[in-house]
Each structure stands twice: as C-alpha cells, then as structure tokens.
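Here's a quick tour of a protein model for someone just starting out. Have a look at the picture first, then work through the notes below.

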Amino acid sequence: MSKAKRLAAAVLASAVCAASFTGCTDTTYAMTAGGEKINAGIYIYNIYSEMSYRNMMLYYSEGVTEDFFSQKIEGKDYAEYLSDYAMKSTKEYAAVKAKFEELDLKLTKDQLKEIQESVNSAWDSQGELYEYEGISKESIKLAQQASYMRTELFNHYYGEGGEEEVTNADMESFLKDNYMRYKMITISKAAEGDENADETNAEAKEHFDEFSAQAEGVSFTDFDLVISAYNDHVAAEQAAASEESSQAADDTDSGSSADSAASADSAAGEELTASEVSTESTNASADESTVSDDTSVVSEDAVPDSTAEEEVTDTASAAGDNANLDPEAVLDSTDSEAESEAEPDPYANEQMVNFSNIKKTYEENKDTKDYDDSSYKLNEFINNMSAGSVETYENDTAYYIIAKGDVAERASEYAESNRDSLLQEMKSEDFQAKIDSWVEAMDFKINDKAIKRYTPKVVYDRQVEYTEKHSTK
C-alpha cells in the first residue's frame, strides 16, 4: 500500500472512531452493563466520595493531612483500595438499577423531588469542583437515584409484606439472642497527667463505695433512683466548688478595691495639703460642681421611660393576640405540655446494645497493633451478668456500678420503635449477598481507557489543583 493510501486509511479510521465512540478514544463511559453504557462520571464520583470520607477518617484518627497515598486502608494500598471500591460500587449501581427495573418498581414523586433537591444543593455548593473532576450533574443524579432504588429493593424483600418479610416475632427473637440491656453509673478516675490524681482518685473511690452500697440489691427499675441520687450528689459538689471559687475571687477583688481606695484617699490628702488651695476658691468650685450634677440628675428623671412604654405595648399586644385564641385550644395545649412534663422517658437511663456486633468487631481487631480491648472487656462483663443483678466493675479509667435488665421485657416495644435500624442489622449482609449475585450474573465490559484515565491519583490531584486555584480568589 502506498504512503498516500496508508495516510488516508489512518485518517478514515480516526474519523470512524471519533464518530462512533466505540472505545478507541471514548472515555465518557466507565463500562457497559448488559450493553448499556455507565457514565464515567459515576465511577469518578464513587472515587471522589470514598476518597473524601477516607481522608477525613485518616485525619481524625491519625492526623494525616497530605501523605495519603502512602497509607493503607483495609490492608490495601490507598490507591488500590479506592480503585477497587469505585469499580465494585459502579457495578453495584448497574446491578441495582437493572433489578429495580426488572421488578417494575418505581420511585415516588416525593422521592424524585428529594433527589432533585439534594442534587441541586450539591451542585450549588461545589458544582464547579465536580465539573473540574469530570463529574456531571446528571451523574450525581443517577448515583443518588440508585441509592434510593437500593433502599426500595431492601424493603421489597424484607419490609412489611415483602418477599422475605421480617416479622416482629423475628425481631424480638433477634433481640433476645444478640442484645444486652443495662443501666450504669460511671465514676471516672484521674486522667493521665492530672496533678491532683491522688485527690481525684480518692474522691472517685469514696463515691464508688457510697453508691455501690446504695445500689446493692435494688431492682433494675429502682436503679434509676440510685442514678438520680448520684447525679444530684455530683451536681451539689460542683455547685459548692463553683461557689467557693467565686467567693474566693470576690474576696480577692474586694481586698484589691479597698487597697486602691485607701491609696487614692491618701494621695488626695497629700495633694490638697501641698497645693495651698484657698478655701473660697475650693468652695466655689464645689458649688458649681454640685449645681451641674443636680441638673444632670433632674434631667434624667424628667425623661419618660421608653422601655416601660415598650413593655406596656408588648403586654397589650400579647393580650390582644391571646384574646383571639380559641380557649379550648389553649387548654388543650396546656394539658399537652403538662402531660409531656408528667411522663418522663422510662428508658432514659438504660442502654440496649448488640453485643454480637461488639464481639465481632473485637475478633476482627484483637490482633491489631495497639488495639485497646478495655471497652470489649467491660461489655463482655455486662453480657455475662444475670438479668436482675447489680454488680461492680473496675478498670484503669473508671469504676462502674451496673444493673442488668431483661431484654425480653422490652423486646416488643424496642422492635416496634427501632424497626428500620433493626432490619438493617438483621438483613444487611443477606441483602449484600443478593447484590453480589446480581453483579455476578451481569455481563460487564470495562472501558480500560477510562479507568486508566480517571485514577485515584488524578482525582486527588484535580481536587488539590482546584482548591489552589480558587483559594486566592
């Protein structure tokens, strides 16, 4: 083939590639799922969102501010973790969307409105940054729609009337098998570096001895009285200490004021003696000063009190407003407020905690360097207590007085008032397994050019570039 023909063929191939967007240079999509293209913006958005979250966690847990790419997350290098996360999340987006459509589910008008408002808010706050990253407003909308679809699919399977409905009886059984119920008084010991550690610890031990004796043998319900007594005692001690400190400060200020006044009187006496001021001149000056001061006082008293007028006006206005109210409505409101005050939360002092989750976290982290297992040991102690008992526990940081309750007594009420969160605890792993199976069943074709172009490092660098460009504005 002649050189001219080769050139013509190359130009034609480039034109076909550019026109068809079949993959030669097209990086506008990250992959195809069942033949449908998935926006690259969704893949980038997944990197950006998880990167922002992980950077924040690294900062708060370890103080990392810049050297992110030398960190590890869940045993993986930072960049590898973000790439894997974005790939997995983008595939899940496609699988959730496909299953939602397959089941002919629909988002409500209210849900669509919420999504649009959320997207508009996000775009108003940092739309320019998203565009700089290569994320369109449409991609954010699609990602948020998928999040709502995921929730609806979860409810489709496990919610009331669902294909695999979780009943109240199921929830109550789950609570009895996994939860513990308790009330606790925590009496802290001295913190590390406390200059008054001996005094602080002695006071803590005194409180512990006193209130553990009060708690001995009391019922789970009556343990509230011990908690109340302890809180009142501590509040009284704090008020006394504050009063003592305030009084000491007042005494210091009074002494300083007296010393200052005495010094001023002495200086004034010395000044008059030394200056040889004539009596007539002094008296004349005093008379002028008195007249001037009296005039000022009379003038102030003669001015009407505008504040008083405003108070009268406000009172009259309030009376007028109340005159237009329905007396029965006022009475209903008063009764409602009184009823609210008369019925305190019966569970205000107690905890319902999933010990199985605590134990799972412990098992996953117990061999990690510098892992502190003190919290787990406390929870394990509580879990091993008998319902209806009161026991004490001590570690390096505090004394604990603990009353153990019966989960079964509260299971029905707790299941009803915490249904959504309990559903997630019970079925989130099962639901994730479903999504994984949907992903496995789908036919994905990855657009390698897009994946290589939109790496975590590129996304991070673009964020830094954008911030630097706009920080000088």
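Two residues are in contact when they have heavy atoms within 4.5 Å of each other. With that rule, and leaving aside neighbours within four places in sequence, Tyr179 is in contact with Phe174, Met352, Val353, Asn354, Phe355, Val407, Tyr414, Leu422 and Glu425. Keep in mind that this is a predicted model, where local features need pLDDT of at least 70, side-chain atom pairs count only at pLDDT 80 or more, and totals for chains, interfaces and linings use all residues. Residues are numbered from 1 along each chain as its sequence is written, and side-chain values use heavy atoms, with hydrogens and water left out.

**The whole chain**

- The chain has 17 helices and nine strands; these are DSSP runs numbered from the N terminus, with helices (H or I) of at least four residues and strands (E) of at least two.
- Of the 473 residues in the chain, 30% are buried. Buried means under 20% relative accessible area, exposed means over 50%, and partly exposed is in between (1.4 Å probe, protein chains only).
- Take the contacts in the chain with a separation of 6 or more: 72% of them involve residues 24 or more positions apart.

**The nonpolar cores**

- A nonpolar core is a set of buried Ala, Val, Leu, Ile, Met, Phe, Trp, Tyr and Cys residues joined through side-chain atoms within 4.5 Å.
- Which residues touch the most other members of the largest core? They are Tyr130, Leu175, Tyr179, Leu422 and Phe431, out of 67 residues in that core.
- Helix H3 (residues 78-102) gives the most to this core, with 10 residues.
- There's also a second, separate core of 16 residues, and Ile187, Ala204, Phe211 and Val234 are included in it.
- As background, nonpolar side chains tend to be buried together in soluble globular proteins.

**Strands side by side**

- Two strands pair if DSSP finds at least two bridges between them.
- Strand S5 (residues 179-188) is mostly covered, as seven of its 10 residues are buried.
- S5 is joined to strand S6 (residues 350-354) by five bridges, and the two run antiparallel. Here Tyr182 stands opposite Gln351 in S6.
- S5 also pairs with strand S8 (residues 398-405) in the antiparallel sense, over eight bridges. In this pairing you'll find Thr186 opposite Tyr400 in S8.
- Elsewhere, strand S1 (residues 29-33) and strand S2 (residues 36-39) pair in the antiparallel sense over four bridges, and Tyr29 stands opposite Asn39 in S2.
- The hairpin of S1 and S2 has two residues between the strands, and Gly34 there takes a positive phi near 60 degrees.

**The largest pocket**

- A pocket is an open set of points on a 1 Å grid over the protein atoms alone, where a 1.4 Å probe fits and there is protein on both sides within 12 Å along at least five of seven lines; lining residues have an atom within 4 Å of a point.
- The largest pocket has a volume of about 350 Å³. Grid points are joined across faces, edges and corners, and the volume is the space filled by probe spheres set on the points.
- Its lining is made of Arg54, Met57, Leu58, Ser61, Glu62, Gln71, Lys72, Ile73 and Glu74.
- Helix H2 (40-62) and strand S3 (72-73) each supply at least two residues of this lining, and H2 gives the most, with five residues.
- The lining divides into three nonpolar, two polar and four charged residues. Ala, Val, Leu, Ile, Met, Phe, Trp, Tyr, Cys and Pro count as nonpolar, Asp, Glu, Lys and Arg as charged, and the others, Gly among them, as polar.

**Two glutamates to compare**

- Glu74 is found in the loop between S3 and strand S4 (76-77). Is Glu74 buried or exposed? Glu74 is exposed, with a relative accessible area of 63%.
- Not counting residues up to four places away in sequence, Glu74 touches Arg54 and Tyr81.
- Glu50 sits in helix H2 and counts as buried, at 8% relative accessibility.
- Leaving aside neighbours within four places in sequence, Glu50 is in contact with Tyr81, Leu82 and Tyr85.

**Positive phi values**

- Most residues other than glycine have a negative phi.
- Asp104 is not a glycine, yet has a positive phi of about 55 degrees. Asp104 lies in the loop between H3 and helix H4 (109-133) and counts as exposed, at 54% relative accessibility.
- Asp370, another residue other than glycine, has a positive phi near 65 degrees. Asp370 lies in the loop between helix H12 (355-365) and helix H13 (374-384) and is exposed, with a relative accessible area of 70%.
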